[in-house]
Amino acid sequence: TMNGGIITGNSAVEWGGGVCVDDGTFTMNDGEISGNNAAHVGGGVAVYNYLEDKSGRFTMNGGMISENNSGIGGGIGAVGSKKAEIRTVVVINDGMISGNSAKDGAGVSVKTEDPYSSGDALNRLEIKGGEITGNTAVNYGGGVYTAVALADIADCEISGNETTAANVNSSCGGGIYLGNGGAELTNVSVTGNRAVQGGGVFGSGPVSLDGCEVTGNTGSEYG
């Protein structure tokens, strides 16, 4: 549990530049995770599980995750194995995720290792508040990226994020990229994000929006 302080200036050759949650739990109540780097997943925080009876879980109740960099999940990157019975879960209740960078999922990334998983086999992203702003991905998901995962996003602001690739097939979801799995968005403000395709929201699976504001986003080719 992190109740304050700062984790900064660290690096990892694979997972978790600042924090690596390996088949366990980590709760951030306050403080700052900034300026860290991981070559593969989770510049600020990496979460994963590979054991059948274990769970990787990260909960953010406050604080800031900023200016981190990684291949997948610049701020937070979570990946779970198809072999695990309990899914990898990222929960964001409050706080700010800003100024992070990655190839995919600059702010937050949650994905399932097995592309053919479904239902309870999917990893989960739950956002219930906070801000995800000013993050930059090369390809998919400037603010939020999910792939073969379930997403429940509510009562938050996702703004000023972008993807920078020039190719129409490689720059998707400036604010939010939702891959196969499913997503529900409730009372979410998605504003001022940029991508070639889907400046605000890009979805390739079932997506529902209820009471959301999606305005001022730019898709230079589509959406």
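Visitor: Which cysteine sulfur is closest to the sulfur of Cys212, and how far away is it?

Guide: Please keep in mind throughout that this is a predicted model. A disulfide is a covalent bond between the sulfur atoms of two cysteines, and the rule applied here asks for a pair of sulfur atoms within 2.5 Å. The sulfur of Cys212 has its closest cysteine sulfur too far away for such a bond, that partner being Cys156, at 8.5 Å.

Visitor: Is Cys172 buried or exposed, and what is its relative accessible area?

Guide: A residue counts as buried under 20% relative accessible area, and as partly exposed between that value and 50%. Cys212, with 24%, is partly exposed. Cys172, by contrast, is buried, with a relative accessible area of 3%.

Visitor: How many salt bridges does a search of the whole structure find?

Guide: The criterion is a side-chain nitrogen of Lys or Arg within 4 Å of a carboxyl oxygen of Asp or Glu. Glu126 meets it with Arg124, where the closest N and O atoms are 3.3 Å apart, and again with Lys128, where the corresponding distance is 3.7 Å. Searching the whole structure gives a total of 2.

Visitor: Which residues do salt bridges with shared partners join into one network?

Guide: Glu126 is buried, with a relative accessible area of 16%, whereas Arg124, at 27%, counts as partly exposed. Lys128 also counts as partly exposed, because its relative accessibility is 47%. Through shared partners, the salt bridges link into one network Arg124, Glu126 and Lys128.

Visitor: About how much accessible area do Val207, Leu209 and Val214 have together?

Guide: Val214 belongs to strand E28 (residues 213-215), and its relative accessibility of 40% is why it counts as partly exposed. Together with Val207 and Leu209, Val214 forms a nonpolar patch on the surface, and the accessible area of the three is about 220 Å².

Visitor: How far apart in space are Ile33 and Thr8, C-alpha to C-alpha?

Guide: Ile33 sits in strand E4 (residues 25-34), and with 0% relative accessibility it counts as buried. Along the sequence, Ile33 and Thr8 are 25 residues apart, while in space their C-alpha atoms are separated by 5.9 Å.

Visitor: What distance separates the C-alpha atoms of Tyr145 and Ala12?

Guide: Tyr145 is part of strand E18 (residues 144-147), and at 8% relative accessibility it counts as buried. Tyr145 and Ala12 are 133 residues apart along the chain, and the distance between their C-alpha atoms is 21 Å.

Key. Residues are numbered from 1 along each chain as its sequence is written. This is a predicted model: local features need pLDDT of at least 70, side-chain atom pairs count only at pLDDT 80 or more; totals for chains, interfaces and linings use all residues. Side-chain values use heavy atoms; hydrogens and water are left out. Patches are made of residues with over 30% relative accessible area and no salt bridge: like charges are joined within 9 Å, nonpolar side chains (Val, Leu, Ile, Met, Phe, Trp, Tyr) within 5 Å. Accessible areas come from the Shrake-Rupley method with a 1.4 Å probe; for residues, only the protein chains shown count as cover. Helices (H or I, at least four residues) and strands (E, at least two) are DSSP runs, numbered from the N terminus. Buried means under 20% relative accessible area, exposed over 50%, partly exposed in between (1.4 Å probe, protein chains only).
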